[in-house]
Amino acid sequence: MSRHSAVVGLFLSFGIAIHLSHGIEVNVLQEDGQLCLYANLMLNFSVAYQGDGEQFQTVVFPLPDYASSEESKCEETSSTLKLKFGDGHYWSVNFTLNKDSYQADTITFSYDLKDDLLFPNSASDEIVTVTQKAHISEIDLNTCYSCKSQDIVQAEGTTMTLWNVLIQAFIPDGRMSQDITLCAADAVTTTTAPTTTSTTTTAPPTTNATTTAPPTTNATTTAPPTTNATTTAPPTTNTTTTAPPTTTSPTPTLPPPSTGKYNLTTPNNTVCLLASFAVRISFTQDGKNEEMNLDPAVTKASGQCGENSSELELVSDQMTLTLAFTNDAKKFRLQALNVTLKTSSGVFADGNANLSLWEAAIGTSYMCNRELNFNITNLLSLYTSNLQVQPFEVKKDAFSTAEECFLDSDLSFLVPIAVGVALSFLIILVLISYLIGRRKSRTGYQSV
């Protein structure tokens, strides 16, 4: 028996401040007006596409708050949550009912590259549809699925990042359950911090995804005041030494990042992209400066190689780093960088698609062993060291001749010498001016 649904409401959640993200709450009703499917989640998209002039571009955008869920439906053994937005885009999840549980089978994302607002300068006008297996399975019947942790779903050049998720499919009698089935990532967090468990159990009846995040955020925000309230720090080191610890208190001083080596291969097992570097991300979230290292030991590399564009995506437990390179026939460069971080305050996502970094001739590699600092946006900085990349024309599975950055070159020692010479000339000019001025003042006092 099919029971098609009507939508009660779809609106922007409140109370959670996460960069580049919106919270969506959906109530799907049966024809008799009873609630049959509930969803509250936060979702960001990252899409790589071909721009004009064969240039590779990556855009990052949230699920808009004006999305419509009119085509969502509830059936006896299957349900669909479908959110349509913009000009021909939609995101959907299919749920199936088992004997004592339910699960999300697939996630589908369809986007139209003709949409200039979302995909400026797109060279294609096709509609791209990607489908990937969902990570939501074996949810006890008549319970809500809750996952505040970041869930990253990747498929063919697209990345979907979900968090603060609260979903219940196949709701009996139109009433949401008070019981919760936690995702694996939250279950680990819960065992280490029992306080979070008690918060999660009370939150679901209302707007869980909206209400759960503030307690976690407040927990971290309340900690620094308690530390500062121990009026021992200000007297000891006055203002100079105490200020930095307060900023970095959420994340203690990090050790130097480890150097990781990454590569992409073609279907015939030939290496088409090589990268080696140590990466540290510096970002500002909720007014606080924080840092995070990319750990090569738990990082998986994926992506795609093309003739004029290549993309390297590095995914660890807490970080997703996407690097997009472009080839203009003579030189390559890093054109786009996007970062998604799982932090104690939620999720941070930021990026820039108009960069011009790590430039070198095609057929060579770019290398810089010294530490470099790149300001990607006003909220995001990238620190690299031991850097060497070659995104095109890799031969014999090894780096080609390297074009060194200025800091690594032998000419870098000329900079302090030039500064010293300039200062010497400045001092000499000041002395000459002083002597001339003094001589003139003496001639003024001669007797007539």
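The following legends describe close-up views of a predicted model.

**View 1. An aromatic pair formed by tyrosine 49 and phenylalanine 119**. A search of the whole structure finds 14 aromatic pairs. Tyrosine 49 belongs to strand S4 (residues 35–50), whereas phenylalanine 119 sits in the loop between strand S9 (101–112) and strand S10 (127–133), so the pair ties together parts that are 70 residues apart in sequence. Both tyrosine 49 and phenylalanine 119 are buried. The two residues also belong to a cluster linked by ring pairs, together with Phe45, Phe61, Phe85, Phe109 and Tyr111.

**View 2. The tilted pair of phenylalanine 325 and tryptophan 358**. A pair of aromatic rings is described by the distance of the centres and the angle of the planes. For phenylalanine 325 and tryptophan 358, the centres are 6.4 Å apart and the planes stand at 35°, so the pair is tilted. Phenylalanine 325 is part of strand S21 (residues 319–327) and tryptophan 358 is part of strand S24 (residues 357–361), so that distant parts of the chain, 33 residues apart, are linked. Phenylalanine 325 and tryptophan 358 are both buried.

**View 3. Lysine 82 over the ring of tyrosine 90**. The charged end of the lysine 82 side chain is placed 4.3 Å from the centre of the tyrosine 90 ring.

**View 4. Strand S20 and its neighbours S19 and S21**. Strand S20 (residues 309–315) is mostly covered, with 7 of its 7 residues buried. In a regular strand the side chains alternate between the two faces of the sheet. Here Ser309, Glu311, Glu313 and Val315 point one way from S20, while Ser310, Leu312 and Leu314 point the other way. Strand S19 (residues 300–304) runs antiparallel to S20 and is joined to S20 by 5 bridges; lysine 300 stands opposite valine 315. A hairpin with 4 residues between the strands is formed by S19 and S20. S20 also pairs with S21 in the antiparallel sense, over 7 bridges, and leucine 312 has leucine 323 as its bridge partner in S21. The hairpin from S20 to S21 passes through 3 residues.

**View 5. The disulfide of cysteine 36 and cysteine 74**. The whole structure holds 4 disulfides. In this one, the S to S distance is 2.0 Å, and the torsion about the S-S bond is about 80°, so the disulfide is right-handed. Cysteine 36 lies in strand S4 and cysteine 74 in strand S6 (residues 73–75), 38 residues apart. Cysteine 36 is buried, with a relative accessible area of 3%, and cysteine 74 is buried at 1% relative accessibility.

**View 6. The disulfide of cysteine 272 and cysteine 305**. The sulfur atoms are 2.0 Å apart, and the link is right-handed, with 70° about the S-S bond. Cysteine 272 is found in strand S17 (residues 271–285) and cysteine 305 in the loop between S19 and S20, 33 residues apart. Cysteine 272 is buried, with a relative accessible area of 12%, whereas cysteine 305 counts as partly exposed at 32%.

**View 7. Positive phi at asparagine 164 and at aspartate 397**. Asparagine 164, although not a glycine, has a positive phi of about 50°. Asparagine 164 lies in strand S14 (residues 158–169) and counts as buried at 5% relative accessibility. Aspartate 397, likewise not a glycine, has a positive phi of about 55°. Aspartate 397 is located in the loop between strand S27 (380–390) and strand S28 (402–404) and, at 44% relative accessibility, counts as partly exposed.

Terms used
Residues numbered from 1 in each chain as written. Heavy atoms only, no water. Phe/Tyr/Trp six-rings, centres within 6.5 Å; stacked < 30°, edge-to-face > 60°. Helix = DSSP H or I, 4+ residues; strand = E, 2+ residues; numbered from the N terminus. Buried < 20%, exposed > 50% of the residue type's maximum accessible area, 1.4 Å probe, protein only. Lys NZ or Arg CZ within 6 Å of the ring centre and 35° of its normal. Pairing = 2+ DSSP bridges. Disulfide = S-S within 2.5 Å.
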